[in-house]
Amino acid sequence: MKMLVYGLVTGLLFGFLLQKGRVLRYDKQLGALRLQDMTIVKFMLSSVMVGMVGVYLLNDLGLAKLSIKATVLGPVILGALIFGFGWGLLGYCPGTSMGALGEGRWDALWGILGMIVGAGLFAEAYPLLEKTVYTWGNLGRITLPQVLGVSHWVIIPLFLAGALWLFWWLEKRGL
């Protein structure tokens with residue numbers, strides 16, 4: 001029960017930040033898809049950077065344990081295509097569709113229903129996918145620091161510097 005409460009609080013906080021970041025707005029979604037407004041890209045990149053530092057810090061302090069999943073290119077590419085098609089068609093991604101519904105935008109309900117139907121279809125198709133798509137490009141449990149043979153604390157500052165540079169560049173261009 002305690003974990004459910006943590007999940008609820010985290011979800012509410014995430015939804016609040018999505019709303020405050022104005023990434024639930026259709027014009028922001030469309031602007032991102034058309035590469036004319038990078039608000040959503042900056043929001044997502046900020047989340048990734050904070051998460052990267054937080055996860056590795058918690059792991060190094062022994063407060064969390066990393067569970068690296070295998071990198072399998074087939075399902076990643078197929079899933080990205082389906083995700084991109086759905087985002088382009090609806091104008092919301094999964095997280096923002098829930099937030100948009102919370103703001104009273106009933107059009108987001110179609111995307112949410114599509115996710116539920118898609119999850120059911122995926123569950124039914126999984127045995128076939130496991131024998132086909134899930135075997136394409138299996139690179140194993142790898143991380144960039146492992147591939148390069150360096151500490152993650154060498155890679156993380158480089159990614160942070162790259163993100164800060166990208167933020168500066170996007171702001172300079174009014175994106």
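Colleague: Which helices each supply at least two residues of the nonpolar patch?
Modeller: This is a predicted model. In it, α4 (73-90), α7 (144-148) and α8 (152-172) each supply at least two.

Colleague: What area does that patch have, and which residues make it?
Modeller: About 1,100 Å². Its residues are L73, I77, L81, L139, I142, L144, V147, L148, V150, V154, L158 and F159.

Colleague: Where does V150 sit?
Modeller: In the loop between α7 and α8. V150 has 33% relative accessibility, so it counts as partly exposed.

Colleague: Switching to aromatics. How many pairs in the whole structure?
Modeller: The search finds four aromatic pairs. Take W165 and W169: the ring centres are 6.2 Å apart and the planes are at 20°, which is under the 30 degrees cut-off, so this pair is stacked.

Colleague: Where are those two in the fold?
Modeller: Both W165 and W169 belong to helix α8, four residues apart, or about one turn of the helix. W169 is partly exposed, because its relative accessibility is 30%.

Colleague: Which residues form the aromatic cluster?
Modeller: F122, Y126 and Y134 form one cluster.

Colleague: Now α3. How many residues, and what does it reach end to end?
Modeller: Helix α3 runs over residues 39-60, which is 22 residues. From first C-alpha to last it reaches 32 Å, close to the 32 Å expected at 1.5 Å a residue.

Colleague: Which α3 residues are buried, and what do they pack against?
Modeller: T39, I40, K42, M49, M52 and Y56 are the buried ones. They pack against α2 (26-33) and α8.

Colleague: And what follows α3?
Modeller: G62, with a positive phi near 80°.

Notes:
Residues numbered from 1 in each chain as written. Predicted model: local features only at pLDDT ≥ 70, side-chain atom pairs only at ≥ 80, totals over all residues. Heavy atoms only, no water. Patch = residues over 30% accessible without salt bridge, like charges linked within 9 Å, V, L, I, M, F, W, Y side chains within 5 Å. Areas by Shrake-Rupley, 256 points an atom, 1.4 Å probe, with all protein chains shown as cover. Salt bridge = Lys/Arg side-chain N within 4 Å of Asp/Glu carboxyl O. Buried < 20%, exposed > 50% of the residue type's maximum accessible area, 1.4 Å probe, protein only. Phe/Tyr/Trp six-rings, centres within 6.5 Å; stacked < 30°, edge-to-face > 60°. Expected span 1.5 Å × (residues − 1). Contact = heavy atoms within 4.5 Å.
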